[in-house]
Amino acid sequence: MRISTSWGQQQAVNSMLNRQYELSQTQLALGNGKAIQTPADNPAAAARAVDVSSASAQNDQYTRNIQSASNRLATEEQSLSSAGDILDRIRTLTLEGMNGTQTDESRKSIAAELRQNLSALASLANTRDGQGEYIFAGSRTSTQPFTVSDLSVTYGGDQNQRMVAAAPGMQVATGDDGDSVFMAIKGGNGTFTTSAGTTNTGTAVVQTTSVTDASQWDGRTYGVTFTSPTTYEIHDLTDPAAPVVSTGTYTGDSGAIQFKGAQLNLTGTPATGDTFTVAPSSNQDVFSSVGNIITALEAGGGGGAAMNNQLNAQLMNLDQVQGNFLNTRTQIGARMNVLDQQTDIGSDASLQYKSTLSDLTELDYASATSKFAQQQSALDVAQQAYVKMQNLSLFNYLK
């Protein structure tokens, strides 16, 4: 086969160009530290690197979500802790107001401080997070949830919870709606409430209540009527025509009245005809409970059994609020523990993703340096061969 001189020279040039390209690619890799300059260099590794990069970016987003959720939950927990401290102060002031040594003027002074506490409580209920969003507004985070008008507080949020993705398939609540935290709280002891008749003339006061046997409590409304200072009857107020449920003897020493699994602990001496109502618990918001305490203290009249019955009933409501705050804080703590655990998992995953990407895309400098030296030698050889080929012509031979 006849091979022309020009063809041989072109082949040599092509060989040198190939060696130069390979050398330049290796030099570029040494410069930027990347083993893959284009997907064509290693299609399988490039595709794998894209998948790992996507997973790493998603993991980073989960980490940001967790940080934001943790900050929001920490803000909520601190707000409820402060709200609990305010309730403790409200309880202390209420007990002071019930002291028989207080006058109407001193009770009004106590009520004035309670008004400040009510405002502080509403302010905490309107707490915002670092992004300026309301913590207790449900999903309406841009709308102020609680509006105060004298002793009345209304809720303008909803009953939804904001959720955040903390991991694939894992949603964690970043807060609690204000309705469930501050508004929809069962009054009394959580099962039933008590109230004294407005026409009572005796000194009997309901101090505490409890459920001794939940299986006996049927959720109906009952009335306790004292037929004498030492005897009483229980009537079913839901069905006034029904016969007397039970009767009993009351003594100021024990002061316990029991029926249908409910127990009332009274002190003082009732008058004949005095009544107390026992009704199933309904929702009582914390602001109304505090407002009722303020109203009772501001009413004047020298205190007495009527005021003390009202205040004791509100104190039992506040106990339910404190219990609800504690339950909510417990749930917050559980969520924060889950987020902390997921943070550790995400941190480990991030390290693994970085290691995998490094294996796929980062340059092995020792190998690349050796390869560069080999390619440089190959280029030198190709260039020397080309110089010799330039002299391989018939005219040079004839010389």
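Good morning, colleagues. Please keep in mind that the model is predicted.

I begin with the helix pair. Helix 3 covers residues 104–125 and helix 5 covers residues 286–298; their axes come within 9 Å and cross at roughly 165 degrees. An angle over 145 degrees counts as roughly antiparallel, and helix 3 and helix 5 are therefore roughly antiparallel to each other. The crossing of these two helices is left-handed.

Which residues of helix 3 and helix 5 make the contact? From helix 3 come Arg107, Lys108, Ile110, Ala111, Leu114, Arg115, Leu118, Leu121, Ala122 and Ala125. Helix 5 answers with Val286, Phe287, Val290, Ile293, Ile294, Leu297 and Glu298. Sorted by class, the residues of this contact comprise 13 nonpolar and 4 charged, with no polar ones.

I turn now to empty space. Rolling a probe the size of a water molecule over the atoms shows where such space is left.

The structure holds 1 cavity of 30 Å³ or more, and the largest cavity contains about 30 Å³ of space. Its lining consists of Thr194, Ser195, Ala196, Val206, Asn309, Ala313 and Met316. Two elements, strand 5 (192–196) and helix 6 (305–361), each give two or more residues to that lining. The cavity lining has 4 nonpolar and 3 polar residues, and no charged residues.

Next comes the largest pocket, with about 390 Å³ of space. Which of the residues that line the largest pocket are the closest to its centre? Of the 24 lining residues, they are Thr194, Ser195, Ala196, Asn309 and Gln310. Strand 5 and helix 6 are again the elements that give two or more residues, here to the pocket lining. Helix 6 supplies the largest share, with 8 residues. As for class, the pocket lining divides into 16 polar, 7 nonpolar and 1 charged.

To conclude, I would draw your attention to Thr194, Ser195, Ala196 and Asn309. These residues are among those that line the largest cavity, and they are also among the closest to the centre of the largest pocket. Thank you for your attention.

Terms used
Residues numbered from 1 in each chain as written. Predicted model: local features only at pLDDT ≥ 70, side-chain atom pairs only at ≥ 80, totals over all residues. Heavy atoms only, no water. Axes fitted to C-alpha atoms, helices over the stretch in contact; angles between N-to-C directions. Helix = DSSP H or I, 4+ residues; strand = E, 2+ residues; numbered from the N terminus. Parallel < 35°, antiparallel > 145°, perpendicular 65-115°, else oblique. Left-handed = near helix turned anticlockwise from the far one by under 90°. Contact = heavy atoms within 4.5 Å. Nonpolar A, V, L, I, M, F, W, Y, C, P; charged D, E, K, R; others polar. 1 Å grid on protein atoms, 1.4 Å probe; cavity = no way out; pocket = protein on both sides within 12 Å on 5 of 7 lines; lining within 4 Å. Points joined across faces, edges and corners; volume = space filled by probe spheres on them.
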